[in-house]
Amino acid sequence: MNIQGQGALVTGASRGLGRALAEQLAARGARVGLVARDAGALGDVVAAIRGRGGDAHAIAGDISDKAAIHRIAGQAQGLIGEIAIAIHNASTLGPTPLRLLLDTECEDLAAVLETNLVGPFRLTKILAGAMAIRGAGVIVHVSSDAAIEAYPRWGAYGASKAGQDQLSRILAAELDGTGVRVLAVDPGEMDTVMHAAAIPDADRAALQPPAQVAARIVQMIESGARAPNGARLVAARWDLTP
Amino acid sequence: MTAAIGYPPARPGPLEPRPARPHREPVLRSDEVPRDKVWLVVVDPTGDRAPRLARFAALPRLVRAGDLVVVNDAATLPGSLPGVTADGRGFELRLSGPVEAGRLDGVLLGPGDHRTRTEHRTAPPVIARGDRIAVAGLPATVLAAAGRRVELAVHCDGDALWQTLYAAGAPVQYAHRSERLALWSVQTGYAARPWAAEMPSAGRPLTWDIVLELRRAGVAVAALTHAAGLSSTGDDALDRALPWPERYEIPRRTAEAVGAARARGGRVIAVGTTVVRALEAAADDDGGGVRIGSGVATLRLDAAHRPRVVSGLVSGLHVPGESHFDLLSAFAPGDQLRRAVGLAAQHGLSAHELGDACLILPDATTT
């Protein structure tokens with residue numbers, strides 16, 4: 001998909017990978033809606049993108065809040081028009097330090113699922129219908145290797161990401177032939193606030209900068225034909241040669 | 001409420017016909033129907049065929065390969081907003097169309113809410129060009145005022161305006177339903193840009209299961225965006241002039257789909273009167289296709305209108321006397337429509353805008 005002039009929505013866009021994705025989509029000429037809970041931090045990112053000539057808009061909202069989802073989609077389409085690219089990047093680990101499943105409160109698991117699985121599903125329900133009727137669109141779910149590997153203490157997060165991977169695959173199968181592509185992308189370990197919360201003693205020098213991962217994801221969106229619909233891609237293994 | 005006592009809601013099971021009451025105007029129920037339980041009164045204007053009932057989900061079997069179904073993908077705005085004049089008099093602003101560049105067009109109603117019938121609402125405060133007012137807490141200037149119809153300029157950046165509209169606004173609704181409508185309950189399954197003052201509700205029962213089945217059956221489905229306006233303002237003189245000119249936009253893909261359907265002898269089926277209005281307004285001079293791009297629909301459709309592009313339509317149920325009934329008369333003779341209404345009444349169907357539906361289509365395939 002040619003990103004120039006397309007409407008793009010990125011959740012969790014006030015920092016980390018989401019911020020980098022919004023910046024790079026805007027740099028390629030997309031009209032970008034940035035979603036995050038923290039209106040102050042979001043405003044700073046939007047101002048920075050606009051300062052570099054990008055078309056960016058702030059949408060303050062909490063993806064885990066059912067009542068906020070139609071507002072987010074409505075504000076975004078009021079501001080930037082039809083959404084052709086939706087990136088579900090916002091997610092939560094749940095309470096940190098991470099706990100064993102048997103020590104995880106049921107309510108905490110439910111809250112992680114609301115943010116990482118049900119919220120993105122609600123937003124997709126709105127945006128994918130509009131994409132499919134027009135015959136074009138890309139939906140990206142930011143996944144994790146915790147969706148596949150059984151890492152002790154990553155139970156709530158891992159289960160939510162595994163669920164999201166499967167939503168991706170089934171949505172792609174159901175919308176086959178409509179022009180809507182759905183991808184799940186494992187970004188790998190990045191030097192972000194979220195990573196520091198999960199693994200405080202990690203060697204930051206060994207972690208990827210979010211901008212580097214964002215560049216690979218943006219390229220996955222651009223070069224659609226190279227990944228089958230519904231594919232689960234690992235960013236680090238993505239060949240950057242166009 | 002015009003509920004027909006003695007006609008129990010016979011859903012989801014099979015409908016039991018009631019004996020017709022020949023000397024009375026048919027009365028339709030007026031309650032909301034779940035999206036997946038909608039009935040369709042099928043009217044075939046060719047010949048003098050009797051109307052019949054089908055499930056809305058049977059739509060893919062009522063049309064044929066080569067046809068094109070066109071929907072309105074406008075999302076419904078949270079168009080009811082609280083406001084206050086500079087001297088503290090409150091009002092309700094109802095947006096009548098899309099919001100662009102900080103401009104709000106709509107009508108004012110006096111204090112109160114939708115539970116009071118629109119025509120019984122207290123008069124709004126009188127405002128004039130140049131007045132400073134507030135809408136949902138945002139400062140605004142009156143650009144134009146004609147009775148209760150206003151154009152306002154809001155003074156804040158677009159991000160803050162849209163954040164405030166969605167935080168403070170609610171869908172426009174009317175007295176026949178007392179509970180507040182949630183924003184998601186007035187959106188179609190493919191709604192995109194928030195352009196509609198009221199839901200383009202004919203598409204409400206169109207689930208993705210049905211859309212994909214239509215496509216598998218060789219029926220194309222395409223979208224346009226039409227800024228469906230208000231259906232009532234509470235002012236008789238204003239109401240008589242409805243619908244006002246409404247903006248529409250026809251994407252290249254959809255214009256091409258119309259041309260292709262016509263070229264192969266397929267029928268163009270509009271989902272909702274807003275789609276009829278947009279397609280007929282955009283009809284090119286040859287009458288065979290539609291112009292790409294945006295425009296403003298000013299035409300009024302009635303029995304005298306000869307559709308140039310649209311062959312048939314899906315609509316809500318309307319009774320004689322409603323302006324929408326006149327519009328349907330462009331597609332089928334009045335007495336045939338009256339028989340359709342009679343059939344709907346006999347079977348306890350609902351004329352609520354979120355109720356049952358009709359399909360008016362020449363040679364509607366028999367199931």
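**Exercise 1. Describe how strands S9 and S10 of chain B pair.**

Solution. Strand S9 (residues 138–146) and strand S10 (residues 149–154) of chain B pair in the antiparallel sense over six bridges. Strands here are DSSP runs (E, at least two residues), helices are runs of H or I of at least four residues, and both are numbered from the N terminus. Two strands pair if DSSP finds at least two bridges between them. Within this pair, Ala146(B) stands opposite Arg149(B) in S10(B).

The model is predicted: local features need pLDDT of at least 70, side-chain atom pairs count only at pLDDT 80 or more, and totals for chains, interfaces and linings use all residues. Residues are numbered from 1 along each chain as its sequence is written, while chains are lettered from A and ligands numbered from 1 in the order in which they are written.

**Exercise 2. State which residues of H2(B) are buried and what they pack against.**

Solution. First, the term: a residue is buried if 20 or more other C-beta atoms, placed from the backbone, lie within 10 Å of its own. In H2(B) the buried residues are Asp159(B), Leu161(B), Trp162(B), Gln163(B), Leu165(B) and Tyr166(B). Next, their partners: these residues pack against strand S3 (55–60) and helix H3 (66–80) of chain A, together with S9 and S10 of chain B.

**Exercise 3. Characterise the side of chain B that touches chain A.**

Solution. Contact requires C-beta atoms, placed from the backbone, within 7 Å. By this criterion, 23 residues of chain B are in contact with 17 residues of chain A. Helix H2 (158–168) and strand S12 (220–226) of chain B each supply at least two residues of this side, and H2(B) gives the most, with five residues. The residues of this side of chain B divide into 15 nonpolar, four polar and four charged. Here Ala, Val, Leu, Ile, Met, Phe, Trp, Tyr, Cys and Pro count as nonpolar, Asp, Glu, Lys and Arg as charged, and the others, Gly among them, as polar.

**Exercise 4. Summarise chain B as a whole.**

Solution. Chain B has eight helices and 17 strands. Its radius of gyration, taken over C-alpha atoms, is 21 Å, close to the 21 Å that the globule rule gives for 367 residues, so chain B is as compact as a globular protein of that length. That rule is 2.2 Å times the number of residues to the power 0.38. Buried residues make up 49% of the 367 residues.

How values were computed. A residue is buried if 20 or more other C-beta atoms lie within 10 Å of its own, exposed if 12 or fewer, and partly exposed in between; C-beta atoms are placed from the backbone. Two residues are in contact if their C-beta atoms, placed from the backbone, lie within 7 Å.
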